Each structure stands twice: as structure tokens, then as C-alpha cells.
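Please brief me on this fold. Cover the overall layout, the cores, the helix packing and a few single residues.

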Amino acid sequence: MYKGTLIAVRNMDESKKFYHEILSMNVVGDFGANVQLENGLFLQTIDTWSEFINNKEVFLHNNASELYFEEADIDAFLIKLQAAHIEYVHELLEHSWGQRAVRFYDPDHHIIEVAEDIAMVVKRFSKNGLPEEQIAVRMDVPVDYIKECMKS
């Protein structure tokens with residue numbers, strides 16, 4: 001059974017502060033070198049993580065994965081993000097299916113993506129006058145998926 005994702009961090013206090021202040025994630029278990037945040041994200045100090053993997057070198061800045069989040073109000077999130085002075089992978093962009101997203105690095109260069117809640121994308125298209133069938137074509141998803149998003 002999948003329990004979550006563990007990432008290695010250099011400075012636990014800095015990482016806890018970042019994930020709380022930027023992504024509104026609260027600590028649910030703090031065991032010093034290992035911290036559990038809400039929704040199955042675990043932080044492990046880099047030195048203890050290295051010990052767990054037989055003292056192999058840990059490479060943090062690799063651009064090979066990301067942690068994915070969604071926000072109902074992406075514009076409000078961007079205002080909060082601008083005040084944080086973070087390093088961007090890229091600033092806000094709109095993907096071909098219409099979802100707006102921003103990617104940036106956490107203090108240890110793990111990529112974080114924060115995207116517009118997909119149901120909000122559907123509702124934005126609908127509010128702008130697109131019928132469900134055209135939204136489905138625009139987003140390359142089934143019409144039933146669009147209908148479910150409209151209900152949420």
C-alpha cells in the first residue's frame with residue numbers, strides 16, 4: 001500500500017517553514033530527522049537519508065521529478081509566491097489543455113508544480129461560453145469527465 005513520498009532535505013527547519021508558508025502543509029508528525037506533512041509528504045534529513053541508502057551520494061538538483069499541487073485560486077497563489085522570492089523553473093504558463101501552472105524549486109531544488117485546479121479550468125471555460133462538448137475537445141478528455149468537474 002502506497003503511503004507517500006519522501007524527499008531528502010538539507011535543513012529541516014527551513015523545509016518545514018517553506019512547505020507550511022508556501023504550500024499550506026502542516027506537520028502531522030515531527031521525529032527530528034524525519035517529518036511527516038499532511039497528504040503523505042515526508043521530509044528526511046539528507047545525512048540520515050544517505051545512511052539509509054548505504055552512504056550513497058544524494059543528488060538533489062536533478063529535474064527528474066516534481067511534487068504536484070493544485071490551487072482553486074491560482075492568481076491568489078501567485079501573489080503569495082511573488083512575496084516569497086523563490087527560484088522559478090518557469091513562471092505562469094498555460095498548458096495546451098488550458099490549465100495554468102507555475103513550477104519552482106523548494107530550498108533543496110525539488111521541483112514543485114502548482115497548477116490551477118482542473119475543475120476550475122473546466123468552469124472557467126464554461127463561464128466563457130464554451131459548451132461541455134467543446135471543453136472536452138479543448139482539454140482532450142471525455143465529456144463525462146467535464147460533467148463531473150462541473151458538479152464539483
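The points below go from the whole chain to single residues.

This is a predicted model, in which local features need pLDDT of at least 70, side-chain atom pairs count only at pLDDT 80 or more, and totals for chains, interfaces and linings use all residues. Residues are numbered from 1 along each chain as its sequence is written, and side-chain values use heavy atoms, with hydrogens and water left out.

**Overall layout**

- The protein chain has six helices and eight strands. Helices (H or I, at least four residues) and strands (E, at least two) are DSSP runs, numbered from the N terminus.
- From the N terminus on, the order is β-α-β-β-β-α-β-α-β-β-β-α-α-α.
- Along the principal axes, the C-alpha atoms fill a box of roughly 55 × 40 × 25 Å.
- Of the 152 residues in the protein chain, 39% are buried. Buried means under 20% relative accessible area, exposed over 50%, and partly exposed in between (1.4 Å probe, protein chains only).
- Contact means heavy atoms within 4.5 Å. Among contacts between residues at least 6 apart in sequence, 51% join residues at least 24 apart.

**Nonpolar cores**

- A nonpolar core is a set of buried Ala, Val, Leu, Ile, Met, Phe, Trp, Tyr and Cys residues joined through side-chain atoms within 4.5 Å.
- The largest such core has 23 residues. Tyr 19, Leu 23, Phe 104, Ile 112 and Val 114 have the most contacts inside it.
- Elements that give two or more residues to this core are β1 (5–9), α1 (12–21), β3 (34–37), β4 (41–45), β5, α3 (74–84), β7 (100–105) and β8.
- The largest share, four residues, comes from α3.
- A second, separate core has ten residues, including Ile 118, Ile 135, Met 139 and Cys 149.

**Helix α3**

- Ile 74, Phe 77, Leu 78 and Leu 81 are the buried residues of α3. They fall within an arc of 100 degrees seen down the axis, so they line one face of the helix. The arc is that of the directions from the helix axis to the C-beta atoms.
- These buried residues pack against β5, β6, β7 and β8.
- Ile 79, Gln 82 and Ala 83 are exposed on the other side of α3.

**Helix α4**

- In α4 (residues 118–127), the buried residues are Ile 118, Ala 119, Val 121, Val 122 and Phe 125. Their arc around the axis is only 160 degrees, which puts them on the same side of α4.
- They pack against β5 (66–71), β8 (111–116), α5 (132–139) and α6 (143–151).
- Asp 117 caps the N-terminal end of α4, with a side-chain oxygen 2.8 Å from the backbone nitrogen of Ala 119.

**α4 against α6**

- The two helices, α4 and α6, pack at an angle of about 95 degrees, with their axes 9 Å apart. That makes α4 roughly perpendicular to α6; the term covers angles of 65 to 115 degrees.
- Axes are lines fitted to C-alpha atoms, for helices over the stretch in contact, and angles run from 0 to 180 degrees between N-to-C directions.
- From α4, the contact uses Ile 118, Ala 119, Val 122, Lys 123 and Ser 126. From α6, it uses Tyr 145, Ile 146, Cys 149 and Met 150.

- Most residues other than glycine have a negative phi.
- Asn 55 has a positive phi, near 60 degrees. Asn 55 lies in the loop between α2 (46–52) and β5, and counts as exposed at 60% relative accessibility.
- His 85 has a positive phi near 55 degrees. His 85 lies in the loop between α3 and β6 (88–94), and is exposed with a relative accessible area of 71%.

**Two further residues**

- Thr 45 is in strand β4 and counts as buried at 12% relative accessibility. Leaving aside neighbours within four places in sequence, Thr 45 is in contact with Val 9, Met 12 and Ala 33.
- Val 143 is in helix α6 and is partly exposed, with a relative accessible area of 26%. Not counting residues up to four places away in sequence, Val 143 touches Glu 133 and Ala 136.
- Val 143 and Ile 53 are 90 residues apart in sequence, and their C-alpha atoms are 46 Å apart in space.

Key
A polar contact is a pair of N or O atoms within 3.5 Å; within protein, one must be able to donate a hydrogen and the other to accept it, and residues adjacent in sequence count only if both atoms are side-chain atoms. Angles under 35 degrees count as roughly parallel, over 145 as roughly antiparallel, 65 to 115 as roughly perpendicular and the rest as oblique.
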